[in-house]
Amino acid sequence: MNGAAREPSSPLGLHRVVEPAGVLPQAARRLDPDAPLHEDEVRVDVEHLNLDAASYRQLHEAHGGDGEAVREAVCRIVRERGKLHNPVTGSGGMLIGTVAETGPRSPLGLKPGDRVASLVSLTLTPLTLTDGLRDWDGLSERAPARGHAVLFGRSIAAALPADLPDELSLAVLDVCGAPALTARTVADHTARTGATPTVAVLGAAGKSGSLALAAARRAGAHHLVGVVPDAAEEAALTHSRLADTVVRADARDAVALGERLAECGGPVDITVVCTDVPGCEHAAILATRDGGTVIFFSMATSFPAAALGAEGLRADVTMLIGNGYQPGHAEQALDLVRTDPGVRGLFDRRLRREDASKGSPAVSRSAVPPAPASLAHRPTASTGKLGLDPQLVSRARELAVRAGRPVVDLAQSHTTVAVERASLRLAGLSGADAEGIPWVNRLVDAVRDQVGLEHGVALPVWHALRTGAGRDLTDLAARATARDVSFRLPEGAEATAAVRTARQAMAGGLGVIDARRRERERLVSRWGGARGPLVYLIVATGDIHEDIRQAAAAARGGADVIAVIRSTGQSLLDYVPHGATREGYAGTYATQENFRLMRAALDEVSAELGRYVRLTNYASGLCMPEIAVLAGFERLDMMLNDSMYGILFRDINPVRTFVDQRFSRQLHARAGIVINTGEDNYLTTADAVQAAHTVTASQLLNEYFGKEAGLSDAQLGLGHAFEIDPDLPDSFRMELSHALLARELFPDAPLKWMPPTRHMTGDVFRGYLLNGFFNLAGALTRQDILLVGMMTEAVVTPFLSDRDLALQNVRYVREAAGALEEDFRPAPGGMIARRADHVLREAVDLLERICDRGLLDAIAAGTFGGMRRPVDGGRGRDGVAERAPGYRNPATELLEKSADFGEREGEDQP
């Protein structure tokens, strides 16, 4: 630090006040952020600003939602005031950045290079912006920024935790005073009265609201009420299980809210206001019993309205202004988000919605997708490289929805043995009997034999547990196998109690999946991901321990995704084998233990390489939903998941497969798993030129089915392949046309690009060249998931040396091509553009015919892959049951709710 920075200064920051003289920095109209650093100060290079909710809402509404105008307004405030201090709301926010310089007498304990979050308001923090916030769209509270800020001797800052994503830490630390003050108030009430308090939180599904609920619970509050404004927030908060009672009401309507609270035992002892809109003061006062406490943690609060309102209502309540500082507040808030799944889920939901609103790339830095926003499809702009007709694209998507909707209705009105078994796995039932038959199979079969599946297994199973038929699920399954249990369908209060207990158990399994998703986020954040497309390589020896050795070698050779092919025929097994396996035919059995062993091995090599290596397997066949559960439990990253593959190529009953597919995709959406679809397989049995439109039509259908189940664009690994006969004239140009058509139809999906197989002849030199062209087409059309092609395809199972050569091919083309995609622009009206238009029009014609006859009938007629599969045929049909009016499955109910969470972000709503 230079000598000019060493003059004495005020730890309160008085020396930075420009006008008016004699006031503290928060009350100042203008601060000086550019004077030389003083000896007790710290200069921070800014990376992100986080506007507080009330300030952002006011700016957003004042400028009619115009992001550019919001951005300019923030820049103007900082230019004029030397700090971010909204003159309307009087609030600011906080920042994260890197310590650039520290004075020799700074008491903050920071050093250059530390990444920190400020824990004092930007209304009193000297701030300069140097980039005009050019990377911020003005459409969310989080703003990427460049500039510097100054922390005083009495400022507060926290080092950013290494185990949490920055954006999550920023969101938590922005409101970390709320849970600390809530916990202290609960403890004070208990000490003063000798009774644990009831607590209501207004804006309970938001950042500060969810933390306040969790902190109140941990401090001993005995009944928590969460107040939210709409159905989406009600579903989200209910799912989080943070509140004992969830009330949907407008917190600005004091009388209506008071009536709603009275219905559930109100008023309460403590009310915490975490809304971001004005006008909630009187409702909060009426919600609180005499002798109680109201904490106003909203920057939209009018304190004169609160004080005068309490007087006018003759309310004997203590009113506290939410203080953003409490000793240990940062650590307490971070601990809550680490350890409470409900809090973490609500924060993750909010951040995914913000990422989605910014148009996150298909494969993001954390490889964690944002939550789905809507099934409404936007037409592709005609400015793409192919000049596609946007009305034709929109028509194609509308037809896909029309064709797919009856199948979704069918899935929602039926269940299968696999769905019920998967639900039991979520509830914690695992293992197998002495014969190797999984306990979930034993228990579901026993229930089906006695009372059928039409009402689901939750009612009879948990009623049996509650009446003492078994100590736990495993004991119940063993007794049922021995025919020592008589199942029946409970009614009334008994049914309600059974469903409630089942929901708690199944929610625990979903909590495990949520935790594994967060674990992936942390590891990807720590180790980073791939540059460019994900290089996808297959191992399949039958021996999981040999697979692990080959997978580690492949990762060290450059593979980003390891796919373990299942043993041939496992898709036709109506049970999931148990334990580690050391034999299989042309693949390795998919079991939970095999998943665990491979995931652990890849984590080890990821740490070695400093690059997160992804794991893929197959959620298809007769046990699709169960394998989806196990994949979520063991943190797999991608799953091949497409009912059409099982229908067409394994002759599994269409109804069975579509029911199972929807449930499994809901699980994948929850787990953050990217699905891979199987359209590439069509081209192994049908001509790749003549059947190209069936691939496009199927991709559109899979997009609809995936989004309806809750998957985001970034989770849709739609499949297609380089399978045109290379002897055809212009074959490479047609491959480019088909690949670019997929990219432009699905710009945000991580497309899965499959190498040539059908026309590999055994000539390894020709095969190596074909794979080079395949890799080049992927580079030119920005394919995200690139399966490594083997020149020995159709000759032998690849040796390690074959894989090494194949990876060299990928590396050479990828490095040599670089950003060649930017320069690749087919001639307008040229052969590539005309071919794409022709394929799209054929796909639209096909979808129109499917709408006329129905998708199931189209499958029966051999529309896809040339395979005819009637609706009442195929394996597994006997495992399907139509749901009765009283059907209950808490797992499906919880997953349906989670698919709806992203519909509306409601941070700190009234």
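Axes here are lines fitted to C-alpha atoms, for helices over the stretch in contact, and angles run from 0 to 180 degrees between N-to-C directions. The model under discussion is predicted.

User: How are α5 and α10 oriented to each other?
Analyst: Helix α5 spans residues 207-219 and helix α10 spans residues 329-339; their axes come within 10 Å and cross at roughly 90°. Angles of 65 to 115 degrees count as roughly perpendicular. The two helices, α5 and α10, are therefore roughly perpendicular to each other.

User: Which residues make that contact, and how many of them are nonpolar, polar and charged?
Analyst: On the α5 side the contact is made by L211, A214, A215 and R218, and on the α10 side by Q332, A333, D335, L336 and T339. By class, the contact of α5 with α10 has two charged, two polar and five nonpolar residues.

User: Which strands are at the edges of the six-stranded open sheet?
Analyst: The sheet has the order β11-β10-β9-β12-β13-β14, with parallel pairing. Its twist averages 20° from one strand to the next. The strands that pair on one side only are β11 (245-248) and β14 (318-321).

User: In β14, what is the bridge partner of T293?
Analyst: Strand β13, residues 288-296, runs parallel to β14 and is joined to it by four bridges. For T293, the bridge partner in β14 is T318.

User: At about what angle to β14 does helix α9 run?
Analyst: Helix α9 comprises residues 303-312 and lies across both β13 and β14. An angle over 145 degrees counts as roughly antiparallel. The angle of α9 to β14 is about 175°.

Methods. Residues are numbered from 1 along each chain as its sequence is written. This is a predicted model: local features need pLDDT of at least 70, side-chain atom pairs count only at pLDDT 80 or more; totals for chains, interfaces and linings use all residues. Side-chain values use heavy atoms; hydrogens and water are left out. Angles under 35 degrees count as roughly parallel, over 145 as roughly antiparallel, 65 to 115 as roughly perpendicular and the rest as oblique. Contact means heavy atoms within 4.5 Å. Ala, Val, Leu, Ile, Met, Phe, Trp, Tyr, Cys and Pro count as nonpolar, Asp, Glu, Lys and Arg as charged, and the others, Gly among them, as polar. Two strands pair if DSSP finds at least two bridges between them.
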